[in-house]
Amino acid sequence: MIKVYIGLGSNLDDPQSQLKKAIIAMEMVPSTSVAKTSSFYRSKPVGPQDQPNYVNAVVELDTELSASVLLDYLQAIENDQGRERKVKWGARTLDLDILLFGDEIINDDRLQIPHVEMQNRGFVLLPLNEIFSDCIIPGVGSVSSLLQQDNADDLIKLT
Ligand code: ROI
């Protein structure tokens with residue numbers, strides 16, 4: 001059983017409902033269970049500013065799947081919830097990112113784990129720190145120390 005951390009984000013079509021629906025869908029993934037769910041946070045868009053605010057969260061999964069098979073299931077959930085991949089860094093109904101997969105480091109065509117941008121993003125670090133306060137990102141450092149450097153002040157806790 002491997003512990004996996006997934007970053008969730010949405011800024012279209014009722015973002016809070018999108019995240020709730022995605023968590024229910026992740027509970028249905030075979031050989032996988034949702035162990036922890038962070039609060040939901042409202043965050044300003046990182047990247048292009050001409051898009052709505054996001055709702056972000058992080059969940060902890062226990063899985064027996066490989067990272068690649070888990071990714072297939074997560075992409076199917078994104079597609080089910082109307083994800084369109086038109087604009088890089090554009091608005092989206094649902095984004096599910098594998099942030100950490102146990103302590104594995106993976107660099108292939110489909111996956112870069114740890115997620116390459118996670119250490120720079122308050123909307124990932126704050127909810128991750130809430131459910132995994134001792135988290136060390138392999139090759140990077142501790143989430144709590146990154147959070148002190150990072151400005152996550154503009155995140156608003158929703159639940
Ligand atoms: N900005 C915020 N606040 N939250 C996200 O989930 C998010 N996702 C993205 C980009 C467009 C980089 N900006 C984001 O993919």
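**Figure 1. Ser-31 in the loop between H1 and strand S2.** Ser-31 is placed in the loop that joins H1 to strand S2 (32–37); helices (H or I, at least four residues) and strands (E, at least two) are DSSP runs, numbered from the N terminus. The model is predicted: local features need pLDDT of at least 70, side-chain atom pairs count only at pLDDT 80 or more, and totals for chains, interfaces and linings use all residues. Residues are numbered from 1 along each chain as its sequence is written, and side-chain values use heavy atoms, with hydrogens and water left out. Although Ser-31 is not a glycine, its phi is positive, at about 55 degrees. With a relative accessible area of 45%, Ser-31 is partly exposed (buried means under 20% relative accessible area, exposed over 50%, partly exposed in between; 1.4 Å probe, protein chains only).

**Figure 2. Asp-14 in the loop between strand S1 and helix H1.** The loop that holds Asp-14 runs between strand S1 (2–10) and helix H1 (15–27). Asp-14 is not a glycine, yet has a positive phi of about 60 degrees. Its relative accessible area is 46%, and Asp-14 is thus classed as partly exposed.

Figure 3. The bond from Ile-113 to Pro-114 is cis, with omega near 0 degrees. Pro-114 belongs to the loop between strand S7 (112–113) and H3.

**Figure 4. Helix H3 and its buried residues.** Helix H3 covers residues 122–131; seven of its 10 residues are buried, so the helix is largely enclosed by the rest of the structure. The buried residues of H3 are Gly-122, Phe-123, Val-124, Leu-125, Pro-127, Leu-128 and Ile-131.

**Figure 5. The chain as a setting for the close-up views.** Four helices and 10 strands make up the secondary structure of the chain, and from the N terminus the order of elements is β-α-β-β-β-α-β-β-β-α-β-β-α-β. The radius of gyration is 15 Å, close to the 15 Å of the globule rule for 159 residues, so the chain is as compact as a globular protein of that length (the radius is taken over C-alpha atoms, and the rule is 2.2 Å times the number of residues to the power 0.38). The C-alpha trace spans about 40 × 35 × 30 Å along its principal axes. Of the 159 residues in the chain, 48% are buried. Among contacts (heavy atoms within 4.5 Å) with a separation of 6 or more, 67% involve residues 24 or more positions apart.
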